[in-house]
Number of protein chains: 2
Amino acid sequence: MAEKDKDNIIFIGNKPFMNYVTGVVMQFTTKNAKEVIVKARGKFISRAVDVAEISNKRFLEGQVEVKDIAIDSEEFKNKEGKQVRVSTIEITLTKKK
Amino acid sequence: MAEKDKDNIIFIGNKPFMNYVTGVVMQFTTKNAKEVIVKARGKFISRAVDVAEISNKRFLEGQVEVKDIAIDSEEFKNKEGKQVRVSTIEITLTKKK
């Protein structure tokens, strides 16, 4: 993905929920993005699905659809040097033609 | 889906995590299922992704893959009669050919 497209990636964390929904909606409306990717790790995965669903069904109804959903795992060492695994999700939303 | 195939659906809740992983693995191994569907709602969605990832990557490595992931919303009235929305996920795992 080209550098200039990075705005299209919304990474879900613990900011207020509507910040993320607004982020997705703005990308499609004012920024005219063709595609937005909602990403999350661990416990934020449920939230990413909520953000995608509410953006699609409440704010962009009929305009946007889920193009692809990918799940994966990342392994890393935590502060105590222990190897830990965390699940990830990437939900790709795309403008309907 | 036929009645006899319902064993293939693993619905994720708050039982001990490994119960669900064992459920998925058993379906593919002792029950010889071709496909297993991991379903969850709301906050259990993150857990469903963990169950799918750990089953696939730790216990059934190279034997099973993610065939499809679908997200959706369900609306219902809660105890107070208020209309609420909850996100859902269905992760379909399938035996590699």
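I began with the salt-bridge network that links A:E53, A:K57 and B:D72. A salt bridge here is a side-chain nitrogen of Lys or Arg within 4 Å of a carboxyl oxygen of Asp or Glu. I am working on a predicted model, where local features need pLDDT of at least 70, side-chain atom pairs count only at pLDDT 80 or more, and totals for chains, interfaces and linings use all residues. Residues are numbered from 1 along each chain as its sequence is written, chains are lettered from A in the order in which they are written, and side-chain values use heavy atoms, with hydrogens and water left out.

I found 12 salt bridges over all chains. One of them joins the side chains of B:K57 and A:D72, 2.5 Å from N to O. That pair crosses between chains, from helix α2 (residues 45-59) of chain B to strand β3 of chain A. Helices (H or I, at least four residues) and strands (E, at least two) are DSSP runs, numbered from the N terminus. B:K57 is partly exposed at 40% relative accessible area. Buried means under 20%, exposed over 50%, partly exposed in between (1.4 Å probe, protein chains only).

Next I looked up B:S87, in strand β4 (residues 83-95) of chain B. B:S87 counts as buried, at 0% relative accessibility. Its side chain makes a 2.4 Å polar contact with that of A:D50. A polar contact is a pair of N or O atoms within 3.5 Å; within protein, one must be able to donate a hydrogen and the other to accept it, and residues adjacent in sequence count only if both atoms are side-chain atoms.

Last, I checked B:K31, which is exposed at 52%.
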